[in-house]
Amino acid sequence: WQWYSASCGGTFVGTGTSVIVTPASTTTYFVRAEGSCNTTSCVSVIITVNTLSTAAASASAAPNPVCAGNSTTLTVNPGSLGTGASWQWYSTSCGVGAVGSGASLLVTPAVTTTYFVRAEGTCNTTTCVSVTVTVNTNSTPPTGITASVNPTCPSQATTLTVVGGSLGSGANWQWYSGACGSVFVGSGVSVSVSPAATTTYFVRAEGTCNTTACTSLIINVTNTLSTAPASATASVNPTCPSQATTL
């Protein structure tokens, strides 16, 4: 028995009832009897060779970072799928915490999360590549405002301080007077103001992901200033010793 590949009588492979072959790709093999009196026709068999997957070069996420509650699309960057293979995504570690499959995947992480992806198929499972999606946090509104002096005298300084609330990613406390978001006063946990008249002050957190509602406080300017006298008089001036005079 004489074995060939490519065609009957083509590339010689081996001799015997059985031969071992290691095809690199799907190949048709032919066999026939060759002897003193005759050479028979060939019979053939196709050996199907499943292909290997190659690992992705990298993975990406767009957009990244995201705000809490928003979605991002994970994408596999160059790599190839072999026979029966698909891209499988995980969120805990490579192979743990399955989140989905496909070359692209939409996810909505609640916190900053690292995602892993690999090809899994008939012949092999590749190594993982990963991408970290950063989740920016939201601010929460303040619960109140305190004032170091309230009520005050006209133009007397008082320090306003935020009570409660929290700052999210890239956020700061912003202060306004008159109305929420109206006349800018300053930034920070505390600001010093010197209102000339009774004024309402507002504060809110403004950051990357959100702007909170305002909290307000009225600073009452109710104490009045004295004014200097224009002059002083005496009813009798000069006087005699122990004589009364009215100033």
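Analyst: Contact means heavy atoms within 4.5 Å. This is a predicted model, in which local features need pLDDT of at least 70, side-chain atom pairs count only at pLDDT 80 or more, and totals for chains, interfaces and linings use all residues. Residues are numbered from 1 along each chain as its sequence is written, and side-chain values use heavy atoms, with hydrogens and water left out.

User: Which residues is Pro 109 in contact with, leaving aside its neighbours within four places in sequence?

Analyst: They are Gly 69, Asn 70, Tyr 115, Val 133 and Val 135. Pro 109 itself lies in the loop between β10 and β11; strands are DSSP runs (E, at least two residues) numbered from the N terminus. Its C-alpha is 8.4 Å from that of Thr 72, although 37 residues separate the two in sequence.

User: Does Pro 109 count as buried or exposed?

Analyst: Buried means under 20% relative accessible area, exposed over 50%, and partly exposed in between (1.4 Å probe, protein chains only). Pro 109 counts as buried because its relative accessibility is 3%.

User: How many residues has the largest nonpolar core?

Analyst: A nonpolar core is a set of buried Ala, Val, Leu, Ile, Met, Phe, Trp, Tyr and Cys residues joined through side-chain atoms within 4.5 Å. The largest has 17 residues, and Leu 74, Trp 89, Tyr 115 and Val 117 have the most contacts inside it. Strands supplying at least two of its residues include β7 (72-77) and β11 (113-120). A second, separate core of eleven residues includes Leu 160 and Trp 175.

Terms used: Helices (H or I, at least four residues) and strands (E, at least two) are DSSP runs, numbered from the N terminus.
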